[in-house]
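Open the model in your viewer and keep the selection tool ready. The stops below go from one residue to the next.

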Amino acid sequence: MAAEKLRDLSQPIDVSLLDATVAAFYGTGSKEERMAADQILRDLQNNPDTWLQVVHILQNTKNLNTKFFALQVLEGVIKYRWNALPVQQRDGMKNYISEVIVQLSSNEASLRMERLYINKLNIILVQILKHEWPGRWRSFVPDLVSAAKTSETICENCMAILKLLSEEVFDFSRGEMTQQKIKELKQSLNSEFQLIHELCLYVLSASQRTELIRGTLSTLHAFLSWIPLGYIFESPLLETLLKFFPVPSYRNLTLQCLTEVASLSFGDFYNAQFVNLYNVFVLQLQTILPPATKIPAAYANGSSDEQAFIQNLALFFTSFFKNHIRVLESSPENAALTMGLEYLIEISYVDDTEVFKVCLDYWNSFVLELFETHNNLENPAITANMMGLQIPMIPGMVDGLGSQLLQRRQLYVGPLSKLRMLMICRMAKPEEVLIVEDENGNIVRETMKDNDVLVQYKIMRETLIYLSHLDHDDTEKQMLKKLSKQLTGEDWSWNNLNTLCWAIGSISGSMMEEQENRFLVMVIRDLLNLCEITKGKDNKAVIASNIMYVVGQYPRFLRAHWKFLKTVVNKLFEFMHESHPGVQDMACDTFLKIVQKCKRKFVTVQVGENEPFVSELLTGLATTIVDLEPHQIHSFYESVGHMIQAESDPQKRDEYIQRLMALPNQRWNDIISQARQTVEILKEQDVIRHVLNILQTNTSVASSLGTYFLSQISLIFLDMLNVYRMYSELISTTIAGGGPYVSKSSFVKLLRSVKRETLKLIETFLDKAEDQPQIGKQFVPPMMDPILGDYLRNVPDARESEVLSLFATIINKYKAAMIEDVPRIFEAVFQCTLEMITKNFEDYPEHRLKFFSLLRAIASHCFPALIRLSSQQIKLVMDSIIWAFRHTERNIAETGLILLLEMLKNFQASEFCNQFFRTYYLMIEQETFAVLTDTFHKPGFKLHVLVLQHLFCLVESGAITEPLWDSNAVPYPYPNNSMYIREYTIKLLETSFPNMSPAEVTQFVNGLFESMNDLPTFKNHIRDFLVQSKEFSAQDNRDLYAEEAAAQKERDRQRMMSIPGLIAPNEIQDEMVDS
């Protein structure tokens, strides 16, 4: 009954009843009561006449939630229906809201008490303004300013309204208003700003009221980024702000305003004012925060206001220096500049990630700019000096520009030196380091990578490399000095040693080789000594991780110094017996990294040695790996594989392989000979685990040995296939007999791991082996039945996706030689895999991707075999491709699109061109447009564009000689395929986008045909269409520009390649010359 009464809007609403309903909605009553109240309120909200009752509700209720409900209804009307309302209703509402705001903010008590309500009313007023002002409410700003002058409390609220307005127009307008409307509002605010400016200055000079002054400063902060500069520099504004800066209650707000001013940069016109502002600021700062203050400690113990002050200070200095440091350099008195840099360096030591990010970001750009200026100067003396070659200066050689640069460099010698120390003390952890200190102060193995730390490391590393280039000697001196303090114990701590070693590792490659060698001899010697003299397991683990990190970063040094290389490798072997978590992993990782860069050193007899190191290593192999876990042993075997691969004498190489594989082969032979007696032995879990481990060891060696692994794989290949077949049958019978959950049991999982590892081993070997047809002939035929036949015979849950990737690898490797085998492969995997993956988009994710990779390999290298398939099978292929690019999983969609492009090209060049396109052209076009205009498939944009371009060029070129339309269904013939496809595309898009006019669609399609030979124009044309069709408006559209972003990334990499040290040695993809 009450509900009906509320819903009847023909008479004034019963406010007490509405209050009760709102209270029930927010109350703690039963779920039913809340749902009933929710339904009534929804009905009221959806009723187009409810808003006419808003004034009546606001006047008669005391309940804040009811007021908010009424204002919510009103907000909906303002946003979506305002312009459709009669003028008197709009004016009535506008005046009513203004009056209520003035009335409530006219005295202190109601302003404080009704703060939430007034804030909401202010938002409503600004929403109305976005429609009414300036066109229908010209006098708004003058009205507001004159109201503000009547009382301080009204003035405080007017400031809040102005701030909201500025934010709505300048910060949040994108996607909310049309470009035209935004432009109009910005112009109005600019032209009316004088009145607002006068009001702000008047308040700041005349008022004693703290809240009002804070409100005014906050409003100014919102305005400063866009107002005409004259209002800032040609008025008393800056003086006034600097006057408020020392006052504690206004300090942070004033500092935010000054930071906005510091970010402004428009030519040189106001340089003198900027210098003056900075000098006065630094002078005042010295009284607030004396230069001797230990800022990190003050921050740690400070209140939240004081911490905010340090954060704002960092923002002020970084903004000011980014935009105006050159002006400060050239002013005759630059003590204040040095002082500011000192402050910023001190702030950079504050233990707060956000503060440090702000500082680091600036230091990176500051040092880069200094480095580039010196690097680009074509002056031999300065360039040589920069590279660390101390050439005496020849008089007269340094011209004007050079001397200016030298002065500039002199100016920054002190700050840069302190900056080096900062980078060394705060260096972030590199990815290779696996040993960390946890929150309880224990040394543990890292469990998860922290991406923020990795990003920070990258920026710090780059900054330190530029700093090193600017003065190699100072960099070296500071690092060695800090290291000696670790040895004497006066500065010893885990953190200090870590950051120092991470810094040393990160500048690898930036020094000249001679200096780097001298430096590293001292560093490695000191670190090894430190390891000897320090007691305690945790301490040793930290030192070990640092030794490993540093040596792993300097392969050039190790290649040049065999004694050091040998000592380091033996040290790594020592660490492989260390049970501390993480140490063994890091030792194996570092060993692999060093061997990859220095492999030839281990197979040649070095001075003072009787045999190559690899031989010595193989003799002691069993003892070296005795304490390692299986996965670490695999990594170790892979490393030794790299060494053996560098041996050029085939006889020695085979002997090394035999010695390396002796342990696993012995175990394998034992198991196989026992299995010949009784096959049951192979079903024991321990035996299965041993088999798995042996196969994994083989895979690791195959990955590093490549073709030379042939002698080893030949030994175990046929037995391995027998084990594969046996385990496969065992899995199938277990699953068939045990119901659906058996496939998840540990026994079945273990058996499947062996099958997968077998496939992975064969795939790794064939992939890494050089392209020798006889290897393919030797290994592929025996696999046909045990692997392919087995795949077909198995139940879906027992099929290994690795079978698909193995045959994709084989076809990619042996290309056309495999044409004869394609029908066999097709029969075994095609139909049965499709049935598994087309039921939905989720099951068998591994099979999906690998299936399409296999299909792509066949289409690329064995296309003639595809053409020979029956039309039914080709339809299956095409359906599966379309199914793939409809997939929301990015990799699968991408593989599908690449495959589609290859099919289109191959069929166009074949004798079946007409037949194929008559059947599939329209379907492909329709499906491509469907994914192109669907936001889930945005990452595929580049490939969608290429498919469409190919299709349109195809009909335009006349390659298809038969008509694409069905002559029975189309009453009149088209002059050519091109005209037909134009019309077809227009019809297709018109039905898909009823919100676009036929003229717009026609213009778009014609544009496509005009620009199809020019890819960038074609692509931009499609981008515009997507935004216009509202499919992609106001969303994250980065994927549409992914290609351009990738090109930029490549340019950045080229720049990095040109600066020694910027690309880490282990990222350089060369076969480092280590003869």
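Which side chain of opposite charge is nearest to Glu-925, and how far away is it? Select Glu-925 and Arg-982: Arg-982 is the nearest one, and it is 11 Å away. Here Lys and Arg count as positive, Asp and Glu as negative, and His and the chain ends are not counted. Glu-925 is buried yet has no salt bridge. Buried means under 20% relative accessible area, exposed over 50%, and partly exposed in between, with a 1.4 Å probe and protein chains only. A salt bridge is a side-chain nitrogen of Lys or Arg within 4 Å of a carboxyl oxygen of Asp or Glu.

This is a predicted model, where local features need pLDDT of at least 70, side-chain atom pairs count only at pLDDT 80 or more, and totals for chains, interfaces and linings use all residues. Residues are numbered from 1 along each chain as its sequence is written, and side-chain values use heavy atoms, leaving out hydrogens and water.

Stay with Glu-925 and show helix H46, residues 913-932, where Glu-925 is found. Helices (H or I, at least four residues) and strands (E, at least two) are DSSP runs, numbered from the N terminus. Beyond neighbours within four places in sequence, Glu-925 is in contact (heavy atoms within 4.5 Å) with residues including Leu-948, Phe-952 and Tyr-984.

Next, select Arg-752 and Glu-800. Their side chains meet in a salt bridge, 2.9 Å from N to O. Arg-752 lies in helix H38 (residues 746-768) and Glu-800 in the loop between H39 (773-793) and H40, so the pair ties together parts 48 residues apart in sequence. Arg-752 counts as buried at 11% relative accessibility, and Glu-800 does at 1%.

Now show H40 (residues 802-814) and H42 (residues 845-861). They pack at about 20 degrees, axes 8 Å apart. Glu-802 and Phe-807 of H40 and Lys-850 and Phe-851 of H42 are among the residues that make the contact.

Move to Asp-361 and Lys-322. They form a salt bridge, with the closest N and O atoms 3.3 Å apart. Asp-361 is in helix H21 (residues 353-376) and Lys-322 in helix H19 (residues 304-330), 39 residues apart.

Last, zoom out. The chain has 51 helices and 2 strands. Buried residues make up 52% of its 1075 residues. The structure holds 36 salt bridges.

Conventions: Axes fitted to C-alpha atoms, helices over the stretch in contact; angles between N-to-C directions.
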